[in-house]
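Let's take a friendly walk through this structure together. Have the model open beside you as you read.

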Amino acid sequence: MPTNRVSTRPFEGQKPGTSGLRKKVSEFQQPGYLENFVQAIFNALPPGGGRALVVGGDGRYYNREAIQTIIRMAAANGCQRMWIGRGGLLSTPAVSCLIRKFGAEGGIVLSASHNPGGPEGDFGIKFNGTNGGPATEAVTAAIYQASLQLDHYLTCDSEDVSLDRLGDSMVEDMVVSVIDPVADYAELMESLFDFPALSQLLQHKRFRICFDAMHAVTGPYAKAILEERLGAPEGTVINAEPLPDFGGGHPDPNLVHAAELVARMNGDEPFAFGAASDGDGDRNMVLGTGFYINPCDSLAVLTANLHLLPGYRDGVAGVARSMPTSRAVDRVAKAKGIPCYETPTGWKFFGNLMDDGRITLCGEESFGTGSSHVREKDGLWAVLCWLNIIASRQQPARAIVRSHWQRFGRDYFSRHDYEEVDAVAANQLMDQLRGSLTSLPGQRFGEHVVASADDFSYTDPVDGSVSEGQGLRVLFEDDARIVFRLSGTGTAGATLRVYYDRPQRDPARLELDTQRTLASLFAAADEMAGISRHTGRSTPDVIT
Ligand code: G6P
Ligand code: ZN
């Protein structure tokens with residue numbers, strides 16, 4: 001096979017973060033930049049690995065060019081078989097579904113998730129392994145090491161593959177199949193949920209829903225499943241067409257960025273349920289009528305009700321949440337007598353627990369929820385879960401959450417983000433706080449007295465691997481908690497995330513304002529960590 005060996009030199013900063021390599025588009029467009037990372041993936045795979053791959057992205061700017069580069073490089077690196085979503089589109093959960101269904105050796109996801117796209121926006125690339133999940137830390141470390149040692153990459157001179165026509169073609173010795181991005185995923189959803197009950201619900205005149213695809217990848221999935229298969233009225237899915245710049249929007253499903261959804265929910269039309277997903281379709285935000293459902297609560301409610309859904313009738317083996325996620329789900333797990341694991345931030349940590357059969361369900365405060373049906377979080381799946389629970393209980397979302405709080409108590413939760421902070425200042429803040437952890441217990445901050453404080457370290461119970469430095473936790477005697485960490489997904493400066501949660505069991509105090517309820521903790525955080533002193537900011541940029 002005629003391959004070209006192209007000389008290259010390592011680029012700085014190709015260390016994958018929480019979720020793969022994410023950089024500005026302009027950085028990816030430097031000659032050799034993408035090629036180096038792709039070659040590093042092939043070099044890091046075990047000998048003979050990478051022969052059958054699923055490739056797709058969220059349709060953002062540079063997606064198609066990147067896919068053509070990957071096709072040529074994969075063929076030159078000995079890949080025999082590649083599946084690509086038509087138009088170069090595949091949601092992240094769909095990639096995971098296809099890797100598992102086809103028994104592929106892995107997949108490459110092209111996305112910067114919820115970060116803006118377009119020529120001035122972000123691009124990203126992530127490798128998923130044979131289980132369909134994001135590469136483990138050991139694999140991402142090997143990719144990074146390989147990226148530092150490159151002196152050449154392999155490619156070939158083949159013509160571009162037409163990404164818009166379904167069917168097979170050959171690129172050197174590799175068979176490339178352009179497939180329908182939705183069909184296999186939709187079939188998996190049908191196997192998990194009660195589609196007849198969902199159809200009845202979605203065709204009910206008094207149950208209108210609105211799904212905001214934010215001009216990102218879930219548009220075609222949501223239209224095909226909610227409107228075409230389940231019969232929700234046309235127009236249920238808004239911003240359904242994936243666009244390279246997401247229509248100029250920021251495809252992050254939260255109350256700020258999903259502004260159109262929020263406006264519609266608060267408008268004249270009586271929507272019973274609203275939802276949005278992010279750039280690559282793995283995140284979700286769900287709303288009841290006039291009611292925002294915090295992702296931590298969503299995980300707890302799903303855990304309490306999952307057995308109602310056909311795919312989960314055998315029950316939930318166990319659950320997991322990322323450490324900064326509130327402890328609402330822990331109480332449900334305890335009541336059900338199932339294990340609850342606390343992992344570092346990042347979906348990759350859930351994979352081993354699922355592969356080992358220890359958990360069925362997991363989630364994060366960062367709008368991620370998922371189950372062992374795939375090895376990624378899954379936005380549309382979470383929406384279908386909610387709808388199926390609503391159909392099964394014949395109760396609106398709001399009533400379901402309220403009765404959940406009555407039974408288990410409520411964990412008031414909020415995350416404050418300080419974005420694009422000077423990286424040196426942010427690290428100084430973390431270093432100083434880390435240095436003071438041992439002296440914190442016993443100290444009083446307003447009404448809160450510190451009970452314990454540590455730097456979270458996780459030992460994977462399946463393979464024994466240890467991940468250190470995963471966030472600073474401060475637990476108070478009244479069971480309130482503050483967590484400090486630096487984001488691993490930002491592309492400019494540092495993002496400081498401060499997570500607050502405070503459990504409340506008093507049935508008369510379950511409907512209070514979250515920010516007001518947590519205000520005394522905000523003051524405590526600033527006092528103990530010097531947030532304003534280090535960052536120069538008096539208020540966070542984003543509050544979720
Ligand atoms: C991505 C990952 C999640 C993670 C989130 C925030 O969506 O898939 O697992 O929780 O980013 O990560 P960060 O490091 O920015 O807090
Ligand atoms: Zn995402």
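Which elements do the buried residues of α2 pack against? Bear in mind as we look that this is a predicted model. The buried residues of α2 pack against the strands β2 (21-24), β6 (122-128) and β7 (152-155), and against the helices α1 (25-28), α3 (63-76) and α5 (137-148).

To see who makes up that buried set, follow α2 along its sequence: the buried residues are Leu34, Glu35, Asn36, Phe37, Val38, Gln39, Ala40, Ile41, Phe42 and Ala44. That makes ten of the twelve residues of α2 buried, so the helix is largely enclosed by the rest of the structure.

Helix α2 covers residues 33-44, and at 1.5 Å a residue its twelve residues should span 16 Å. The end C-alpha atoms of α2 are 17 Å apart, which agrees with that expectation.

Now let's turn to the backbone in two loops. Most residues other than glycine have a negative phi. Tyr62, in the loop between β3 (52-57) and α3, has a positive value instead, with phi near 90°. Tyr62 counts as buried because it has 24 C-beta neighbours inside 10 Å, where 20 or more are needed.

Phe246 is not a glycine, yet its phi is positive, at about 55°. Is Phe246 buried or exposed? With 29 C-beta neighbours inside 10 Å, Phe246 counts as buried.

Conventions. Residues are numbered from 1 along each chain as its sequence is written. Chains are lettered from A and ligands numbered from 1 in the order in which they are written. This is a predicted model: local features need pLDDT of at least 70, side-chain atom pairs count only at pLDDT 80 or more; totals for chains, interfaces and linings use all residues. Helices (H or I, at least four residues) and strands (E, at least two) are DSSP runs, numbered from the N terminus. The expected span of a helix is 1.5 Å times one less than its number of residues. Two residues are in contact if their C-beta atoms, placed from the backbone, lie within 7 Å.
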